[in-house]
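Open the model in your viewer and keep the selection tool ready. We will go from stop to stop.

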Amino acid sequence: MQSGNDTRISEFLLLGFSEGLEQQPLIFGLFLFMYLITVLGNLLIILVVVSDSHLSTPMYFFLSNLSFADICFTSTTIPKMLWNNQTQSQVITYADCITQMYFFIIFSGLDIYLLAVMAYDRFVAICHPLQYMVIMNPRLCLLLVLVSWLTSVLHSLLQTSMVLRLSFRTEMEIPHFFCELNQMIQLACSDTFLNNMVMYFAAMLLSGGPLSGILYSYSKIVSSIHRIFLAKGKYKAFSTCASHLSVVSLFFCTSLGVCLSSAAPQSAHSSAVASVMYTVVTPMLNPFIYSLRNRDIKRALKRIIGVQ
């Protein structure tokens with residue numbers, strides 16, 4: 001297929017959510033509020049974990065890494081959207097678009113892998129409590145985080161390099177508020193068969209694998225909790241993984257909603273709206289879920305602010 005231009009296209013246009021100028025102040029205020037809550041809430045989680053020695057456990061080590069990933073995740077898209085909103089410009093350069101997509105894939109993948117690692121941590125804690133500190137030793141915890149980072153970076157490099165080989169027309173409009181991989185591939189005017197194959201295969205392998213691990217871990221956890229006779233013991237066992245289960249459900253359900261909306265015809269706008277759920281809302285709610293449902297976090301917060 002002949003392209004209107006080669007890959008040296010200089011810029012794209014991010015259409016965002018609405019073309020009406022009267023709605024832009026409302027969109028700016030809403031997203032600025034959610035972004036600030038996300039950054040401050042996750043920074044608070046990191047501060048609490050780092051400053052309180054009682055939280056020096058594998059569970060909170062992974063939680064602090066998840067909070068850092070969430071901050072970076074939202075920071076790859078929202079600041080640019082807010083800047084374009086204020087300047088009333090939809091332009092993003094080709095280089096900035098590729099860079100944004102590269103970091104977005106890294107931190108979205110890192111979120112998935114860390115959630116899977118945290119599920120394994122809860123599995124060991126509930127199903128093998130006497131061996132927990134032996135199995136989840138500091139070396140293994142660090143290795144799991146490093147492997148998550150390495151896998152995310154390599155996956156992002158693969159997807160980004162595949163997009164760099166595509167050709168685009170002179171003027172390209174992206175019906176989204178950020179440079180999303182699937183949208184980029186759909187807008188290319190060269191052959192995208194290989195890109196689609198790599199994208200879907202990587203999605204099944206790198207997202208399906210962690211999700212399968214999470215489901216397996218929780219099936220074993222539920223089985224172990226069911227064997228506990230005392231109601232108090234069941235509640236205590238379940239409460240240790242309730243927050244993580246809430247975050248997993250929220251993240252994967254919203255991600256599934258984005259996939260379904262993307263598959264529907266004429267769904268560019270609905271896909272952008274659905275993407276807000278897992279790119280902005282989920283990272284914003286994570287600190288509240290972990291702080292409101294976690295006694296250790298609430299106690300640490302009280303110690304930091306000096307409340308008895």
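This is a predicted model: local features need pLDDT of at least 70, side-chain atom pairs count only at pLDDT 80 or more; totals for chains, interfaces and linings use all residues.

Residues are numbered from 1 along each chain as its sequence is written, and side-chain values use heavy atoms, leaving out hydrogens and water.

Select strand E1, residues 11-14. Strands (E, at least two residues) and helices (H or I, at least four) are DSSP runs, numbered from the N terminus. Phe-12 and Leu-14 form the covered face of E1, Glu-11 and Leu-13 the uncovered one.

Strands pair if DSSP finds at least two bridges between them. Look for Glu-11 opposite Thr-93.

Phe-12 has Met-172 as its bridge partner.

Next, the largest nonpolar core: 68 residues. A nonpolar core is a set of buried Ala, Val, Leu, Ile, Met, Phe, Trp, Tyr and Cys residues joined through side-chain atoms within 4.5 Å. Helix H4 (residues 94-127) gives the largest share of this core, 18 residues. Apart from this core lies another, of 19 residues, including Tyr-94 and Met-184.

Finish in helix H6, residues 138-164, at Ser-156. Is Ser-156 buried (under 20% relative accessible area) or exposed (over 50%; partly exposed lies in between; 1.4 Å probe, protein chains only)? Ser-156 is buried, at 0%.
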